[in-house]
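Here is a protein chain to explore. Look over the sequence and the 3D view before reading on.

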Amino acid sequence: MPTLFLYFFLFLFTTTVTKLIPTVHSNCIEAHRQSLLHFKQSLVLFDSSKSSKLITWNSSTECCSWLGVTCSTNGSVVGLDISNESISCYIDNSSSLFQLQHLQSLNLADNDFRSSSIPPAIGKLTELRYLNLRDASFSGVIPIEISRLTRLITLDLSRNGYHSLEVENPNLSMLIQNLTELTELYLDLVWMRGLGSDWCEAISSSLPKLRVLSFSEGDLSGPICESLAKLQSLYEIDLSSNSFYAPVPRVFANFSNLTYLSLYNSNLLGTFPKEIFQIPSLQTIHLFENFDLNGSFPEFPNNGSLRSLIVDGVSFSGDLPNSIGNLKMLSSIDISKCNFTGSVPKSIENLTQLAYLDMSGNIFNSPISSIHWETLVNLETLDLSNNQLYGTIPSSVVSLPKLERLTLSHNRFSGQVPEFSNTSSHLLDTLDLENNNLEGQIPTSIFNLQGLTSLQLSSNNFNGFPFLRNQSILFYFLDLSNNQIQGEIPNWILSLKSPLSLDLSGNSLASLEAPLPNSTSALSSLDLRSNKLQDIHSSYSFLQLDYLGLASNKLTTFPDFLRNQSHLTDLDLSDNQIQGQIPNWIWILDSLQKLNLSCNSLESLEAPLVNSTYVLSSVDLHSNQLQGHFPLFLTSSYLDYSRNNFSSSIPTDIGDFMIDFDDLLANGFYLSLSSNNFHGAIPKSICNLRVEVLDLSNNTLSGNIPQCLTQLFSLSVIDLGRNNLSGTIPDNFLNGSRLQTLDLSNNQIQGRFPKSLVNCSRLKVLDIGNNNITDTFPCVLMSISTLRVLVLQSNKFYGSIGCPKTNDTWPVLQIIDLAHNNFSGDMPGRMSLSWHAMVSNDDDSRTNVEYSYYPTSRNMKTHSRGGGSYFIIYYRDAITTTIKGLELDVVRILTIFTLIDYSSNKFNGSIPEEIGELKSLYVLNLSGNTFTGKIPSSFGKMRQLESLDLSKNHLSGQIPPQFANLTFLAFLDLSNNELVGKIPTSTQISTFPNTSFEGNKGLWGPPLTVDAVLPPPISNGSSSHPNSGDEIDWDVICVEIGFTCGFGIVIGSLLFCKSWRKWYYRTMRSILFKIFPQLEQRFGNHRRHVYVNVRR
């Protein structure tokens, strides 16, 4: 015991003395001190106010006492850490830094060396064990001199700007071949393009002690070689954001020490090895955004080490195993945007460390009420949106103590929203329950949540406002759209005190309650579209909104409170019943930028103030009854005056006037004057506009197309269709033109096809139908691989449509209409096989063929979210073609809609068998030609076909029985050919009228009547011929002769043979009375009388 006390006393004494005596530093070698001071002086742009280390370097103190400097016992500087010192200067071989040849550790990370190259002089520091140049703004090729640093244990050259540093092939192997002691290698964002798979061969053969391999965003390519399995000490691998296009080697599962694996966004293919998930030491695995990587989860081991499991955007599928509950250390799970199915496993409740759970965008189909969510006390984010979950929302989900974000939208949850018990929490920020089947009253406890800023309850079945008057609501965004809320909007909801975006659109609200006296509001965005409002009280002028949506209501006048809106930038009054005049005060609203008055009954624009011009970014007045002249006082980067009654000529100075607003037009320009009564010539000044979309269609414009119009480099859409334009198409399209749509249809244009159109390499839609153009088939267009729609119908084109001198194809062509021309010759079959959009049988998403900033429709839409707004500009392509025997305007061309129309030409020969390979074809019209031969049996493969017209040709033979496979066929016309045989029996074929088959003398069977045509004889061997004409059917004749003879014998016997006649009557009566006994009772006496007579 005394010994123990003595030791304790000595310990206290030593500790006290140590604290009282200051630390003694080794004396710094003077040469090293001078080198450091010279290095500091060379940092000409060094900001001392942001320094914590360099600021301590001065000549009056020992360098070994300076922050960031480490000395050995003999005073040599062996360590230098000046990371994150706001250094901004160049560095080269002359730097005194490279005189410190005893350095073992050098850290220059997180500075700015102004894109200097890494000085080759760094190879002099041969004692270095640790070199960190991370995020230091170096650039150029990594010097080979680094290979001299043979004692390096850690090398970090990562994050020096995107691909600013690079490794040249084959210098990677040369760079690292001597670094055999290296355990950590970080080359993230270092450009290693062109190395192929040499990078992993070099690493596996040169770095046997490697423990950390980090090569993210290096543009590496695959395959990932299995030789990496040699590196058994690896515990951290980051190969994310590369371009492997290869599978993950199964040998990765042999890294028994692996704790971190990141392969996200690396274009991985194949099936991910399940065994990797089962590595006992693995803590983090990130595979997200490998869209072509598939696989599933294994059964997870008990007490696994996983803490972060991120696989969103990977094509994983199958059930989520219940054993996931074994991973009790998990803090983050993201399996969103995969293809998981089945139930949400109940074992989720075992993951008590979980802080982030995202299972959205899958196909989970189960209730979640049986899970004890209350055990997830650390959960901060829960996202189960975009699944097929059903049942009620359990109260335990909404009562989690640390929850910040709850998203259950786009499911099938029903019932009422549970009460929120933890209303004092300031943590819950976002609650998203939209697009479910929730109903009833919204619990008022939601509005007591102190931290809630975004509440989305749209697209449910809520039927009333849930708020209490005078309740303090702090939301920034509240969405109650598309519910069943009716009646009056209470005045207090528009008097909220927080900056709020309020969306009440898509309900049945009829009015607004008059506001309270002295009301104020912080509302910045108010969306009341698609309700039943007839007016807004003028006393609501206290509202100062940025966005107001009143579209699709029952307004008949402009709401008067709008006059006082000084902050309004976006106003949507479209699709109402507003009549009369557009008032000029609307143009002088101080902040107005976007105005949509479309789809009303407006007739005129009030005259502007004298010499006034109004500039907005977007004006949409389409589908009204506006009359008179083009309004030159108004200009905008988006002008839509279509579908009105303007009847003037287009002002000759339209381009000169609008070009003055060059800044406004910097981002493109949309001008639509279509479907009016504009007449006269197209003014040349229109070429001064920096237009992207120019739509002058469906007017009565005349004259020539301005030569300058086809030389506008900015143009993406030119639509001049349905006018009276004449002359020729200018043949001066610019090389590299941005043109995507050219519609000159339904005019009086003559001349030849413009060969310079080949310069429009982005062209998608070309419609010059219904003109008088005379030329051969435009084979020059074959080089435009983007072409989707080609319409040449109703012109004077002639000759063959084959293009033997080109190997180019139209891989996305979906509509080709050559009808009503003079094309002749054979129909090329092999060319059609290159039209992959028609050949492919993939179930692609249905999008529209259109030009757009964002794909939508021909008019502008204004959207508002969270107080901000943006508008979408688009032009939807339309064509006129013959479908199902009718001339129709196709105003929405889906990318899956496909059509071939060669009708009313002079094509001859056989229909190619290759046409049957067009498995995605919807409409085929070959009528009105001189095709001969049989209908190809391959037509039975076109199972998407809805309309087939082969009428008015010389087709022979029988209708292929494969037609029975065409179950989608809604229109069929085979009339006026030379077809023979029986019409195939199928559900579809039998539904077509007689007119689909008439004019074929040898054709018989339903739906043609039996007596309409004598059935042809059944062929016997090779003696019959399909075109041999009418022959006697002996089978039918024999039946008729047999019936006639038999009938004559029976009747003759009854007439001329008395005994036969008596036997026949007696037998027939016996049979008759057995069937109908009541007849025997009624005619019994008569029967006996007959028998008496017979017995005599």
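Predicted model: local features only at pLDDT ≥ 70, side-chain atom pairs only at ≥ 80, totals over all residues.

The report below starts with the whole chain and then turns to selected places in it.

Residues are numbered from 1 along each chain as its sequence is written, and side-chain values use heavy atoms, with hydrogens and water left out.

The chain has 10 helices and 72 strands. Helices (H or I, at least four residues) and strands (E, at least two) are DSSP runs, numbered from the N terminus. Of the 1096 residues in the chain, 50% are buried. Buried means under 20% relative accessible area, exposed means over 50%, and partly exposed lies in between (1.4 Å probe, protein chains only).

Contact means heavy atoms within 4.5 Å. Take the contacts between residues at least 6 apart in sequence: 55% of them join residues at least 24 apart.

UniProt, in an unreviewed entry, lists residues 33-72 as "domain: Leucine-rich repeat-containing N-terminal plant-type". UniProt positions are given in the numbering used here, feature names are shortened, and annotations may be inferred rather than shown by experiment. The span of residues 33-72 is 25% helix and 8% strand, and its end C-alpha atoms lie 13 Å apart.

## The nonpolar cores

In soluble globular proteins, nonpolar side chains tend to be buried together. A nonpolar core is a set of buried Ala, Val, Leu, Ile, Met, Phe, Trp, Tyr and Cys residues joined through side-chain atoms within 4.5 Å.

The largest nonpolar core has 277 residues, and Trp199 and Phe272 have the most contacts inside it. Helix α4 (residues 198-206) gives the largest share of this core, 4 residues. The core lies between domain 1 (260-366) and domain 2 (764-846 + 874-1007), because both give residues to it. These domain bounds come from an automatic or database domain assignment.

Phe272 touches, among others, Val248, Leu261, Phe277 and Phe316, not counting residues up to four places away in sequence. A second, separate core has 8 residues, including Val789, Val791, Ile815 and Leu899.

Now back to α4. Its buried residues are Trp199, Cys200, Ala202, Ile203, Ser204 and Ser206. They pack against α3 (171-176) and β10 (212-214).

## Aromatic pairs

A pair of aromatic rings is described by the distance of the centres and the angle of the planes. Rings of Phe, Tyr and Trp (its six-membered ring) pair if their centres lie within 6.5 Å; planes under 30 degrees apart count as stacked, over 60 as edge-to-face and the rest as tilted.

The whole structure holds 31 aromatic pairs. In one of them, Tyr638 and Tyr670 have ring centres 4.4 Å apart and planes at 10 degrees, so the pair is stacked. Tyr638 is in strand β44 (residues 638-640) and Tyr670 in strand β46 (residues 670-672), 32 residues apart. Tyr638 is buried at 0% relative accessibility, and Tyr670 is buried at 1%.

Phe777 and Phe823 form an edge-to-face pair, 6.0 Å centre to centre with 70 degrees between the planes. Phe777 lies in the loop between β53 (765-767) and β54 (789-791), and Phe823 in strand β57 (residues 822-825), so the pair ties together parts 46 residues apart in sequence. Ring pairs link Phe777, Phe797, Trp810, Phe823, Trp835, Tyr902, Phe907 and Phe931 into a cluster.

## A buried serine

Ser139 sits in strand β6 (residues 138-141). Is Ser139 buried or exposed? Ser139 is buried, because its relative accessible area is 16%. A polar atom of its side chain lies 2.6 Å from the backbone oxygen of Ser115. Leaving aside neighbours within four places in sequence, Ser139 is in contact with Ser115, Ser116, Ser117, Ile118, Ser164 and Leu165.

## Backbone details

| Residue | Phi |
|---|---|
| Leu189 | about 65 degrees |
| Asn698 | about 60 degrees |

Leu189 is in the loop between β9 (184-186) and α4. Asn698 is in the loop between β48 (693-695) and β49 (700-703).

The peptide bond from Gly222 to Pro223 is cis, with omega near 0 degrees. The bond from Pro1006 to Pro1007 is also cis, with omega near 10 degrees.

Terms used
Polar contact = N/O pair within 3.5 Å; in protein donor to acceptor, adjacent residues only side chain to side chain.
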